[in-house]
Amino acid sequence: MGRRKGIMTESFKYELAKDLGFYDTVMNEGWGGIRSRDAGNMTKRAVELAQAHMASQITSR
């Protein structure tokens, strides 16, 4: 079974890395160089942003 294709775009992942403070690590070592905690925080932040976006769409109707 192959790897699933990610949902987040590369540009969004880089934006999150900048926001969370580990962009330099990604640039120097690649995505494999980040800590598990950083990957978890990145996922958590992406979910928070998605929920906020969905909430704003519902309230703007």
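**Confidence**

This is a predicted model. Colour the protein by pLDDT: the mean is 91, and 93% of the residues reach 70 or more. Among the helices, confidence is lowest in α3, with a mean of 93, and highest in α2, at 97.

**The aromatic pairs**

How many aromatic pairs does the structure hold? There are 2. Select Y14 and Y23 and display their side chains. These rings form an edge-to-face pair, with 6.2 Å from centre to centre and 75° between the planes. The angle is over 60 degrees, and therefore the pair counts as edge-to-face rather than tilted.

Y14 and W31 form a tilted pair, 5.3 Å centre to centre and with 45° between the planes. Which parts of the chain does this pair link? Y14 belongs to helix α1, whereas W31 lies in the loop between α2 (23-29) and α3 (36-59), and the two residues are 17 residues apart.

Now show the three residues together: Y14, Y23 and W31 make up one aromatic cluster.

**Accessibility of the cluster**

**Lysines over the rings**

Select K13 next, with W31 still displayed. K13 lies over the face of W31, and its distance from the ring centre is 5.6 Å.

Then select K18, which is part of helix α1 (residues 10-20). Over which ring does the charged end of K18 sit? It is the ring of Y23, with the charged end 4.9 Å from the ring centre. K18 itself counts as exposed, because its relative accessibility is 54% and the cut-off for exposed is over 50%.

**A last distance**

Finally, select the C-alpha atoms of K18 and M54. These two residues are 36 residues apart along the chain, and their C-alpha atoms are separated by 23 Å.

Notes. Residues are numbered from 1 along each chain as its sequence is written. This is a predicted model: local features need pLDDT of at least 70, side-chain atom pairs count only at pLDDT 80 or more; totals for chains, interfaces and linings use all residues. Side-chain values use heavy atoms; hydrogens and water are left out. Helices (H or I, at least four residues) and strands (E, at least two) are DSSP runs, numbered from the N terminus. Buried means under 20% relative accessible area, exposed over 50%, partly exposed in between (1.4 Å probe, protein chains only). Rings of Phe, Tyr and Trp (its six-membered ring) pair if their centres lie within 6.5 Å; planes under 30 degrees apart count as stacked, over 60 as edge-to-face and the rest as tilted. A charge sits over a ring if NZ of Lys or CZ of Arg is within 6 Å of the ring centre and within 35 degrees of the ring normal. pLDDT is the predictor's confidence in each residue, from 0 to 100.
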